[in-house]
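Open the model in your viewer and keep the selection tool at hand. The stops below say what to select and what is there.

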Amino acid sequence: MDSRFNIFFLSNMMLEKGVWTLLDACHILKDRGYDFVCNFVGKWSDISEEEFAAYLQKCGLEGMIMAHGAKYGSDKDAYWLQADFLYFLLTMNVFL
């Protein structure tokens, strides 16, 4: 089991779900010397796997951030059990 602080993202890989916002926050955490891992679980959508990987490489976040693709049912259990923090952001206005 990984002893680093574990951030868990569970949603489709979409701009409005805050993927880039979390990646930017992780970049700041790395620059400030925090030891963490961030697991992204979700179906690729308007953010491609290639765009995501390019950002990780540009910011030196490989090994700290992993994208696992879509998981269903009990396939998500291991991520839930390891998570110290669940990141859930919705940027669209739901109160209209």
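Contact here means heavy atoms within 4.5 Å. Select L23 and show its surroundings: L23 touches F40, F52, Y55, L56, L61 and I65, with residues up to four places away in sequence not counted.

This is a predicted model, in which local features need pLDDT of at least 70 and side-chain atom pairs count only at pLDDT 80 or more, while totals for chains, interfaces and linings use all residues. Residues are numbered from 1 along each chain as its sequence is written, and side-chain values use heavy atoms, with hydrogens and water left out.

**The core**

Next, select V19, L22, L23, C38, F40, F52 and I65. These have the most contacts inside the largest nonpolar core, which has 19 residues. A nonpolar core is a set of buried Ala, Val, Leu, Ile, Met, Phe, Trp, Tyr and Cys residues joined through side-chain atoms within 4.5 Å; buried means under 20% relative accessible area, exposed over 50% and partly exposed in between (1.4 Å probe, protein chains only). At least two residues of this core come from each of strand 1 (5-10), helix 1 (19-31), strand 2 (36-41) and helix 2 (49-59). Helices (H or I, at least four residues) and strands (E, at least two) are DSSP runs, numbered from the N terminus.

**Two helices**

Now show helix 1 and helix 2 together. They pack at an angle of about 15°, with axes 11 Å apart, which makes helix 1 roughly parallel to helix 2 (angles under 35 degrees count as roughly parallel). The axes are lines fitted to C-alpha atoms over the stretch in contact, and angles run from 0 to 180 degrees between N-to-C directions. To see the contact, select V19, W20, L23, D24, H27 and K30 of helix 1, then E51, F52, Y55, L56 and C59 of helix 2.

**Aromatic rings**

How many aromatic pairs does the structure hold? There are 7; rings of Phe, Tyr and Trp (its six-membered ring) pair if their centres lie within 6.5 Å, and planes under 30 degrees apart count as stacked, over 60 as edge-to-face and the rest as tilted.

Select F8 and W80: the ring centres are 5.1 Å apart and the planes at 80°, so the pair is edge-to-face. F8 is in strand 1 and W80 in helix 3 (residues 77-82), 72 residues apart. F8 is buried, at 0% relative accessible area, whereas W80 is partly exposed, at 41%.

Then move to F9 and Y87, whose centres are 6.1 Å apart with planes at 25°, so this pair is stacked. Both F9 and Y87 are buried.

Key
Parallel < 35°, antiparallel > 145°, perpendicular 65-115°, else oblique.
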